[in-house]
Amino acid sequence: MSLYHEAAGILQAVRREQASVKSLVFSKKGWKSDPKTLFALSTEAAKWSDVLSEALEKSGILGVEKQLTPELALVLTHDLFLSKKGIALPASHGLYTSVSKHKVRLSAELTKARLRRGCASLDQLRAKIDDPSSNISADGESNGTAVAKYPRWVRINTIKTSLQSQLDTTFADYSRSSTVRGTLSGGNEKRLHIDKHIPNLLAISPNIDLTTTKAYKSGQIILQDKASCFPAYLLNPGSSEGDVIDACAAPGNKTTHLAAILAEKDNQNAKVIACEKNDLRSQTLAKMTKLAGGEKSITVKAKQDFMRLDPSAKEFRNVTALLLDPSCSGSGIVGRDGGGLTVHLPTSTSTDKGKSSSATSSRGKKRKRQTDKPSPQQPTNPVTTIPTSALEEQEEQPLEEPESTSNSTTTTLQTRLTNLSTFQLRLLQHAMLFPSARKISYSTCSVHFQENENVVLRALRSPVARERGWRVLRREEQVDGMRRWGRRGWRGECERFLREEEGGGGGNVGALAEEVAEGCIRCEKEDGRRGEGTRDEEGTMGFFVAGFVREGGGDDDRGSIAGREGNGGGMEEDDDEEWEGFDD
Ligand code: SAM
């Protein structure tokens with residue numbers, strides 16, 4: 001039994017930490033199962049996860065078998081169909097029966113998944129999956145010229161090193177590519193691309209494991225998705241500006257990025273104040289701060305609820321900017337390991353619609369508990385030698401996709417998004433209260449309007465924004481790379497929101513929607529597996545970021561959207577309303 005729980009824990013860690021399966025398994029002692037067996041099962045299950053999760057989703061068993069997490073379902077289904085010995089459990093074991101009783105259904109779905117990939121036999125599919133340069137997604141070509149979807153993004157930590165120094169050492173034997181796409185098609189060839197939007201960021205070939213390099217282990221390079229670098233870069237703390245609060249900081253990717261930007265600008269007076277509410281994640285944040293060499297410039301406020309900071313306290317008098325990257329649905333996340341494997345997880349789409357939604361919500365809560373308080377079999381960070389800098393930023397599991405679920409699950413999704421956006425808005429309004437603050441960046445790794453532009457618009461219309469003169473940071477005011485980034489906010493949705501607020505729409509609704517949507521920055525994750533997304537040439541996860549600025553202080557509302565709109569449409573938030581999400 002421990003083999004399956006431990007392998008499920010490895011897959012979970014791969015998604016959260018971007019560490020390779022190899023390093024996760026072999027740098028830790030004390031596994032209950034044989035490490036070689038654990039490594040083989042975790043690796044194979046990850047390789048097959050695209051196909052298996054498709055079969056699991058279509059069969060709907062996750063909606064019925066409530067004891068199965070998506071990761072457990074993957075490893076068990078792997079052994080049921082793909083291991084010579086089958087599932088290594090007695091046939092009477094609960095986990096065994098939870099998948100074996102659906103064998104016929106699963107087998108039929110597996111066959112369909114194979115045929116959708118153009119493979120006449122399981123051996124053909126196996127050969128295709130074993131070829132690392134082959135694209136195994138349902139939308140993938142089968143002629144061997146297909147490419148992987150995402151590069152490996154590497155941020156050069158300029159607190160400890162420089163781009164040139166890394167190009168001369170860690171990446172000395174890499175060939176250069178002028179495009180992101182060029183890094184994807186070379187199989188195991190070492191290729192790199194210097195990013196055109198974010199300074200000190202590289203895209204490298206996805207099949208290369210950097211987690212064993214000296215640069216990675218010493219915190220000189222940090223595995224961080226390109227999109228995740230947008231908030232600190234957009235906030236752009238200047239050489240003579242004051243302190244920056246990172247309100248929701250763990251594991252610390254953006255915190256250390258902020259510290260690196262301040263160091264690059266030789267701003268030695270400013271510090272980054274990093275708050276993290278969760279105990280375990282605060283420890284991770286402290287480790288990452290140390291590893292990245294940010295101890296001098298970063299003050300970690302462990303177990304600190306940002307909402308409980310008093311904006312008028314003396315210690316925040318010098319805070320001129322805030323970075324707010326709160327908990328979100330995580331719907332933009334792509335799970336990859338440091339060695340180039342992508343772990344796809346099935347959602348609980350079910351043919352048994354009645355059971356689907358209750359299974360979904362109870363599983364969601366269960367997963368969260370596992371995340372915060374891991375069982376002995378599921379270590380949160382089992383790899384002492386792997387830098388915490390690689391930790392996945394998002395602590396939540398992605399929500400179900402609304403398009404693929406039953407009505408009741410869609411309602412559950414809507415309720416959760418409403419709860420999340422209420423929580424996100426409250427944090428954003430709190431950020432707007434800091435008396436010396438002039439800049440805020442707000443970001444999520446969600447693709448949902450409700451957590452993104454909607455929160456921005458509601459924040460802009462709140463009394464605190466109106467009173468203090470906060471407005472959106474317009475595209476033309478943004479730092480160069482962000483100004484040039486093509487994907488902007490959803491204009492149509494912004495306009496619809498504003499018209500509904502106005503009860504039909506005032507004269508300048510269109511212009512306002514344009515200004516806000518253009519100010520917002522989006523990244524789309526490609527999701528060819530479901531055939532929904534468009535292929536993103538930039539190879540990022542799904543992400544959203546917007547900036548807020550104010551020129552005046554106190555009650556000055558010059559320049560604010562609210563100020564130019566007149567009095568209509570202010571939204572008062574209920575301060576007593578608690579977010580009943582995942583952080584219990
Ligand atoms: N910015 C981080 C990074 O780039 O590495 C990722 C942040 S993650 C999306 C959100 C974090 O906010 C979680 O670690 C969560 O525990 C924390 N959090 C949630 N509510 C909070 C609050 N009220 N105060 C402080 N931290 C909070």
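**View 1. The shell of residues around the ligand in the predicted model.** The ligand is surrounded by 23 residues, and the closest of them are Lys254, Glu276, Arg281, Asp305 and Asp325.

**View 2. The loop between strand E6 and helix H12.** The loop that holds alanine 249 runs between strand E6 (243-246) and helix H12 (253-264), and proline 251 lies in the loop between E6 and H12 as well. Is alanine 249 buried or exposed? Alanine 249 has a relative accessible area of 4% and is therefore buried, since buried means under 20%. Alanine 250 and proline 251 are joined by a cis peptide bond, with omega at about 5 degrees. In an unreviewed entry, UniProt places the feature "binding site" at a set of positions that includes Ala249, Ala250, Pro251 and Gly252, and also Lys254, Glu276, Asp305 and Asp325.

**View 3. Cysteine 445, a position annotated in UniProt.** The feature "active site" is placed at Cys445 by UniProt, in an unreviewed entry. Cysteine 445 has its place in the loop between strand E10 (439-444) and helix H16 (453-460). The relative accessibility of cysteine 445 is 4%, so this residue counts as buried.

**View 4. An open sheet of 5 strands.** The strands of this open sheet follow the order E2-E3-E4-E1-E5, and their pairing is mixed. Why is one side of E2 and of E5 left without a neighbour in the sheet? E2 and E5 stand at the edges and each has a single partner strand, so one side of each is left without a neighbour. Strands of a sheet pair through backbone hydrogen bonds, and this pairing can be either parallel or antiparallel. Strand E2 (residues 175-176) runs parallel to strand E3 (residues 191-194), and 2 bridges join these strands; here serine 175 stands opposite arginine 191 in E3. E3 and strand E4 (residues 201-204), by contrast, run antiparallel and are joined by 3 bridges, with leucine 192 standing opposite isoleucine 204 in E4.

**View 5. The hairpin of E3 and E4, with asparagine 200.** Between the two strands of this hairpin there are 6 residues, and asparagine 200 is found in the loop between E3 and E4. Asparagine 200 is not a glycine, although its phi is positive, at about 60 degrees. With a relative accessible area of 17%, asparagine 200 is buried, because the cut-off for buried is under 20%.

**View 6. Lysine 226 and its partner, aspartate 195.** Lysine 226 is found in the loop between strand E5 (221-223) and helix H11 (230-235). At 0% relative accessibility, lysine 226 counts as buried. The side chain of lysine 226 is joined to the side chain of aspartate 195 by a polar contact of 2.7 Å.

**View 7. Helix H12 and the loop that lies between it and strand E7.** Isoleucine 261 is found in helix H12, and its relative accessibility of 7% means that isoleucine 261 counts as buried. Although isoleucine 261 and isoleucine 159 are 102 residues apart in sequence, they are 8.5 Å apart in space, from C-alpha to C-alpha. Aspartate 266 lies in the loop between H12 and strand E7 (272-275), and its phi is near 55 degrees, a positive value in a residue other than glycine. At 55% relative accessibility aspartate 266 counts as exposed, because exposed means over 50%.

Conventions
Residues are numbered from 1 along each chain as its sequence is written. This is a predicted model: local features need pLDDT of at least 70, side-chain atom pairs count only at pLDDT 80 or more; totals for chains, interfaces and linings use all residues. Side-chain values use heavy atoms; hydrogens and water are left out. A residue is near a molecule or strand if one of its heavy atoms lies within 4 Å of it. Two strands pair if DSSP finds at least two bridges between them. Helices (H or I, at least four residues) and strands (E, at least two) are DSSP runs, numbered from the N terminus. UniProt positions are given in the numbering used here, feature names are shortened, and annotations may be inferred rather than shown by experiment. Buried means under 20% relative accessible area, exposed over 50%, partly exposed in between (1.4 Å probe, protein chains only). A polar contact is a pair of N or O atoms within 3.5 Å; within protein, one must be able to donate a hydrogen and the other to accept it, and residues adjacent in sequence count only if both atoms are side-chain atoms.
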